[in-house]
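Here are my notes on this one, jotted down as I went through it. Have a look at the model first, then read on.

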Amino acid sequence: MPETRRTRVKPEDAYNITMAKFQSVLEAISIGAVDGITLASTVVVNQIVFIAAIEFIDTAFQWFGHRVGVEGVTFSVCVPPFVELT
């Protein structure tokens, strides 16, 4: 099927190549490394927070189960219904 819409790029803009914001290859590598470390640390911190939240919920279930007299209540009992949603 042929394209029927007009492109946003004008022919005269197609040849205007913007220059990189880096002055040298070493600067590009160092900024890329800093960006990569930032991204990796963000992922690690999010995983730690997620695991801590799951542990908190599990401990709250255990505490609540102990308060009502039912032992062995954990968050893992509640997980199988949510597996189907993923």
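Where is the place of F61? My points below start from there.

1. F61 sits in helix α1. Keep in mind throughout that we're looking at a predicted model. As for cover, F61 comes out partly exposed, because its relative accessible area is 27%, and the cut-off for buried is under 20%. Along the chain, F61 and F75 are 14 residues apart, yet their C-alpha atoms are separated by 6.3 Å.

2. T59 is another α1 residue worth a click. Its relative accessible area is 46%, so T59 also goes down as partly exposed; exposed would take over 50%.

3. What lies 2.9 Å from a polar atom of the T59 side chain? That's the backbone oxygen of E55. On spacing in general, residues three or four places apart in an α-helix point the same way, because there are 3.6 residues a turn.

4. Now the helix itself. α1 runs over residues 25–68, which is 44 residues. From first C-alpha to last, α1 reaches 64 Å, close to the 64 Å expected at 1.5 Å a residue. Just after α1 comes G69, with a positive phi of about 90°.

5. Around that end of the chain there's a surface feature to look at. W63, F64, V68 and V70 make up a nonpolar patch, and together they have about 430 Å² of accessible area. Of these, F64 lies in α1.

6. Finally, the whole-protein numbers. How many helices and strands are there in the protein? The count is two helices and zero strands. The protein has 86 residues, and 5% of them count as buried. It exposes about 8,400 Å², and 66% of that is supplied by carbon and sulfur atoms.

Definitions and conventions: Residues numbered from 1 in each chain as written. Predicted model: local features only at pLDDT ≥ 70, side-chain atom pairs only at ≥ 80, totals over all residues. Heavy atoms only, no water. Helix = DSSP H or I, 4+ residues; strand = E, 2+ residues; numbered from the N terminus. Buried < 20%, exposed > 50% of the residue type's maximum accessible area, 1.4 Å probe, protein only. Areas by Shrake-Rupley, 256 points an atom, 1.4 Å probe, with all protein chains shown as cover. Patch = residues over 30% accessible without salt bridge, like charges linked within 9 Å, V, L, I, M, F, W, Y side chains within 5 Å. Salt bridge = Lys/Arg side-chain N within 4 Å of Asp/Glu carboxyl O. Polar contact = N/O pair within 3.5 Å; in protein donor to acceptor, adjacent residues only side chain to side chain. Expected span 1.5 Å × (residues − 1).
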